[in-house]
Amino acid sequence: MSRTALRICPLCEATCGLTLTIEGSAVTGARGDREDVFSRGFVCPKGAAFGELDADPDRLRTPLVRRDGRLREVGWEEAYDAVAAAVPALVREHGPQSVGVVLGNPNVHTMAGALYPPLLLKALGTRNLFTASTLDQMPKHVSSGLLFGDPFAIPVPDLDRTDFLLLLGANPVESNGSLCTAPDFPGRLKALRARGGTLVVVDPRRTRTARLADRHLAPRPGSDALLLAALAHTLLEEKLTAPDASGERTEGIGELAVALGSFTPEAVAPACDLTAAEIRTLARELAAAPTAAVYGRIGSCTVEYGTVASWLVDVLNILTGNLDRPGGALFPLSATAAAPRPAGPGKGFALGRWSSRVGGHPEAKGELPLTALAEEIETPGEGRIRVLLAIAANPVLSAPDGNRLDRALSGLDFMVSVDPYLNETSRHAHVVLPPPPPAQSAHFDFAFNGFAVRNQVRYSPAAVPLEEGRMDECEIHARLVLAVSGLHGAPPEAVDDRAIADTLARAVADPRSPLFGSDPAERARTLSGRGGPERRLDLMLRLGPYGLGLDDLRRAPHGIDLGPLRPRLADVLRTRSGRIELLPEPIAAELPRLRATLADRPAALVLVGRRHLRSNNSWLHNVPALTGGSNRCTLQVHPRDADRLGLADGALARITADGGSLDVPVEVTDAVRTGVVSLPHGWGHDRAGTRLSVAAAAPGVNVNQLLDGSRLDRLSGTAVLNGFPVHLAPLP
């Protein structure tokens, strides 16, 4: 007999509500939850394929331990015995900096990935943290940290109320949005136009998002920072800034005008391959709109000046008076965020508090560039990474020069992967700990609620019971913390109890906390929840800004609507001055370098990536329902470039760049502008030793193998994945 269960989709940042159909313990169908307070029934192909992903026969069911050079299935106790025997001993011998931790993108899609990695890092005492952020959004964290004093204070466009939306390097119709959690992003863009608003898309490709736009500008890839600087220059030069742009909450507008003085539309137009008139018109329309929001994403982040471009996005929102106002760009308030505190100066944000051992790469937000991982493993000497813990991470495909990292991983003394698949990275592990399918796990979006276009909160308990022989994902993480910290054998709830005790100790001692002065032991006894993770969530909700608890969420299975975004800049500002610092010193130091690029001769051909609606990085290529159709690994080439280079549609071409060459089928299309080719990321499933049968049947090529890791955004350490020069030639 079938039944239904509600579940928040964990497959992208939109966090749509699903209604699952369940037969026994199998998910046989998934549709949008029409009563969900946020997504209102919207579902994309990924969500509709939830059941197929959940039942993927290639998912690992039991742990694997390497014995005599081969990974063999073992019980959970044997797996953790192996971790506990190896990791603490290696740390004692070589020190905590001999350990590296890699966190992949799926971590932010699970409760376990949010709750336990900080505890793991604390237990290990290592500074060698590498995450997917330096392949994606780190420039936005750095620019927000420099502007507002908090790298997590990232304003999002008020999609449902804005009159003018400028999108750069973003294709939310296919990505479903990023650092802007918005179910049914396409519907929201259509609603913007239906109410008389304007949508402008800046992208070298005519994406599905660009096709919805009132205007599509296709500049040369990598020129985002120049274009944005010229827009800001025009606003300042023509006195189009809002009256409050130079008010009490900002400082440095005069210095900003001087620093941007040479970035005139006429100066940058040739480098952008736009006209000065187009740039000035866009600036004037942005200033004249009743409300407006500027939003840039991965295409403007994963370029050489990604942090400068991310900074300028918010500078434009500030100069036009649209930061922190309805219809502009606002700061969401999650139900598990810290309760608002009085306005005033804070500690600010600093870069480069330490550097990587080999390349001297400065940290950003406590992280080192993922491109530096291979050299940290390969290079002998004190502090060499000998032990690696990879949590839901596949950097062999997601980071530049996966071949080098592939070789480096084989030289580790010990490696642990927490991963449901034996993929291109986890195949090197000495121990693989597989989490259960998503239907067997509870879900709460700690990260994405902080970027949502409407304040709301939702919780999904596990839709089906944990299958025999599997271990709950939170317990997997808790036991890993115990195993690496010398406490192997202690009950896993001890990890959560310690986290709760530490949180309560801080809360009862803080005069601004709602629990100030109370008894922490008594407070701990009142927490609701069937286990440590739920009790931790309940505590975070109680300490949050809405006075909620887990029981409130249980009584509202479709979620609780907390209202539209509201102005709250005073709550988030944590700069040393207590104001928005418009021209931070690290940014000012980059502007002369950016200015010098105006004299560069542009490359004849550059590459950009692209997303597919039915994919998400490298981790959904093993689901049959999400393969085929437009979800293919092809090199898109403009017809004029194809004619010039002698390329035919469907034929193979060899593409070459810093890191090597790839042979890939050509797709001739005018969806890309001339001088630009496009290859999707996340492919390259052709390595031996994996268990990804569907993905291996159509492996594609790894676009990141075209890079050697030397191209970085200097401020954030983010890999340059877009706008780099390539050479293209036909194959016989």
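## Terms for a first look

Ala, Val, Leu, Ile, Met, Phe, Trp, Tyr, Cys and Pro are called nonpolar here, Asp, Glu, Lys and Arg charged, and the others, Gly among them, polar. The structure above is a predicted model, where local features need pLDDT of at least 70 and side-chain atom pairs count only at pLDDT 80 or more, while totals for chains, interfaces and linings use all residues. Residues are numbered from 1 along each chain as its sequence is written, and side-chain values use heavy atoms, with hydrogens and water left out.

## Enclosed and open spaces

Let us begin with the empty space inside. Rolling a probe the size of a water molecule over the atoms shows where empty space is left. On a 1 Å grid over the protein atoms alone, a cavity is a set of points where a 1.4 Å probe fits but cannot get out, and a pocket is an open set with protein on both sides within 12 Å along at least five of seven lines; lining residues have an atom within 4 Å of a point. Grid points are joined across faces, edges and corners, and a volume is the space filled by probe spheres set on the points. Helices (H or I, at least four residues) and strands (E, at least two) are DSSP runs, numbered from the N terminus.

There are 8 cavities of 30 Å³ or more in the structure. The second largest cavity holds about 90 Å³ of space. Its lining has 14 residues, and Lys140, Ile154, Pro155, Tyr295 and Gly296 lie nearest the centre. By class, that lining divides into 9 nonpolar, 2 polar and 3 charged residues. Strand S8 (156-157), strand S13 (293-296) and helix H15 (306-319) each give at least two residues to the lining of this cavity.

The second largest pocket has a volume of about 590 Å³. Of the 26 residues that line this pocket, Pro221, Gly222, Glu304, Asp600 and Gly723 lie nearest its centre. Its lining counts 16 nonpolar, 5 polar and 5 charged residues. Helix H12 (265-272) is one of the elements that supply at least two residues, and the largest share, 3 residues, comes from H12.

## The nonpolar core

A nonpolar core is a set of buried Ala, Val, Leu, Ile, Met, Phe, Trp, Tyr and Cys residues joined through side-chain atoms within 4.5 Å. Buried means under 20% relative accessible area, exposed over 50%, and partly exposed in between (1.4 Å probe, protein chains only). The largest core has 63 residues, of which Phe148, Leu166, Leu231, Leu260, Trp311, Leu312 and Ile580 touch the most other members. Helix H10 (residues 224-237) gives the largest share of this core, 10 residues.

Contact means heavy atoms within 4.5 Å. Setting aside neighbours within four places in sequence, Leu166 is in contact with Val200, Val202, Leu231, Leu282, Ala293, Val294 and Tyr295. Helix H6 (residues 138-148) is mostly covered, with 11 of its 11 residues buried; among them are Lys140 and Phe148. Gly149 follows H6 and has a positive phi, near 90 degrees.

## Two residues and their surroundings

Ile391 sits in strand S15 (residues 387-391) and is buried, at 2% relative accessible area. Beyond its neighbours within four places in sequence, Ile391 is in contact with Val102, Leu103, Gly104, Asn107, Leu120, Val418, His477 and Leu480.

Leu583 lies in the loop between strand S20 (580-581) and helix H25 (585-596). Is Leu583 buried or partly exposed? Leu583 counts as partly exposed because its relative accessibility is 21%. Not counting residues up to four places away in sequence, Leu583 touches Glu255, Leu256, Ala259, Trp311, Ala588 and Leu591.

## Positive phi and cysteines

Asp273 is not a glycine, yet has a positive phi of about 65 degrees. Asp273 is found in the loop between H12 and helix H13 (276-288) and is partly exposed, with a relative accessible area of 38%. Asp324 also has a positive phi, near 65 degrees. Asp324 lies in the loop between H15 and strand S14 (329-330), and counts as buried at 11% relative accessibility.

A disulfide is a pair of cysteine sulfur atoms within 2.5 Å. By this rule the structure has 0 disulfides. Cys16 is buried at 8% relative accessibility, and Cys633 is buried at 10%.
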